[in-house]
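Please open the model in your viewer and keep the selection panel at hand.

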Amino acid sequence: SQVSFEEESQNPPAVGHWKPLMPSKGDKEEAESGCQDAGGVHEPQSREQLNVSRLRSSSVEIREKGSEFLRDELHKAQKELKLKDKECERLSKVREQLEQELEELTASLFEEAHKMVREANTKQAAAEKQLREARGKIDMLQAEVTALKTLVITSTPSSPNRELHPQLQSPCKAGFRKGHGRNKSTSSAVVSAASQSAAPEPVSRECREVDSILFAEFQAWKESPTLDKSCSFLDRIYREDVGPCLDFTKQELSELVRVAVEQNTLTIEPVASQTVPVGKVAAEECGGPKKCALSGLSRTCKHRIMLGDSGSYYYISPSCRARITAVCNFFTYIRYIQQGLVRQDVELMYWEVMRLRREMSLAKLGFYPSEM
């Protein structure tokens, strides 16, 4: 330090004489002259002062160089510290961004999981409902197939077995079922009941001849049976029979009835014998026991219809019921043919179709069995 250096300068060390290894000529002269002036006092002091000045200059130079080196190192350290601060700031921003993204991702995953659970529950409930409906339809179809097989084996369209099918008997023998009951448009009982009159004329007395055009259309349809009304066979029947038979005064309701018959979702049921008071008639019932909802005329309505599962009932007159039943009978028979349940000769099936068309024409003209 500077204090120690000043102490050393105040107490100069003993300085001896320098002995050069190979003294030069001038040195020899100085030595000789020194020897001559050995008794002098000024020469040692000047040498000591020279050495002290040299030591001071060297220490100052070393101190300046050291301070310059330290300043450079300090600048370098400051620069590195600034770079580290910037890197730390960048990394902290990256960490905050990642944490925010992680939170958003976690929230979205939880929301998606809840959504998937809700959708799965909804689909499960819908599937269970469809399964129950399908089982009910299977049971109904199995019962219909069993009844149809029995009908096909033991009966023909021209000569039905009346003992096996009591619904074909006259009203005085069979009687009419009291209370509420339902007959789907696919019921085989409805097919046969509406096709019989009070006193049917024996088939053997009829003279009939096959129309070549109608028979050719039926044969073409029988090769690939379908319910698409664009084919020539069904297109003709729609234009000549189905359309006019279901053309009622209330056009909007008539269209709904036609669609329900085509989709096999029409229900016909008899009205209870007890008359419901006017003030207690349900709001979903249209028409009334004394007014037909399809014709708009005042008629005694013994039956009512429901379209699908709407829950709305429409009272219909016997004439309208006969027209709807005749169309339902036709669609039921061609559905049985399409499903391969009718195993008869093509000509016999053709004449059964013609008979059903005749029933639609008679119902359109106002003829219907008295038991309706």
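In what follows, an axis is a line fitted to C-alpha atoms, for helices over the stretch in contact, and angles between N-to-C directions run from 0 to 180 degrees. The model is predicted.

Of its 372 residues, 26% count as buried.

Next, select residues 251–262, helix H8, together with residues 318–338, helix H9; their axes lie 10 Å apart and the two pack at an angle of about 25°. Because angles under 35 degrees count as roughly parallel, H8 is roughly parallel to H9. The crossing of H8 past H9 is right-handed.

Now display the side chains at this contact. H8 contributes Val257, Val261 and Glu262, while H9 contributes Ile324, Val327, Cys328, Phe331 and Arg335. By class, six of these residues are nonpolar, none is polar and two are charged.

From here, turn to the largest nonpolar core, which has 48 residues. Select Val242, Leu266, Leu294, Ile305, Ile324 and Phe330, the residues with the most contacts inside this core. Among the elements that give two or more residues to the core are H8, H9, helix H7 (232–245) and strand E4 (303–307). Which element gives the most to this core? H9 does, with 11 residues.

Finally, centre the view on Leu294.

How values were computed. Residues are numbered from 1 along each chain as its sequence is written. This is a predicted model: local features need pLDDT of at least 70, side-chain atom pairs count only at pLDDT 80 or more; totals for chains, interfaces and linings use all residues. Side-chain values use heavy atoms; hydrogens and water are left out. Helices (H or I, at least four residues) and strands (E, at least two) are DSSP runs, numbered from the N terminus. Angles under 35 degrees count as roughly parallel, over 145 as roughly antiparallel, 65 to 115 as roughly perpendicular and the rest as oblique. A crossing is left-handed if the near helix is turned anticlockwise from the far one by less than a right angle, and right-handed if clockwise. Contact means heavy atoms within 4.5 Å. Ala, Val, Leu, Ile, Met, Phe, Trp, Tyr, Cys and Pro count as nonpolar, Asp, Glu, Lys and Arg as charged, and the others, Gly among them, as polar. A nonpolar core is a set of buried Ala, Val, Leu, Ile, Met, Phe, Trp, Tyr and Cys residues joined through side-chain atoms within 4.5 Å. Buried means under 20% relative accessible area, exposed over 50%, partly exposed in between (1.4 Å probe, protein chains only).
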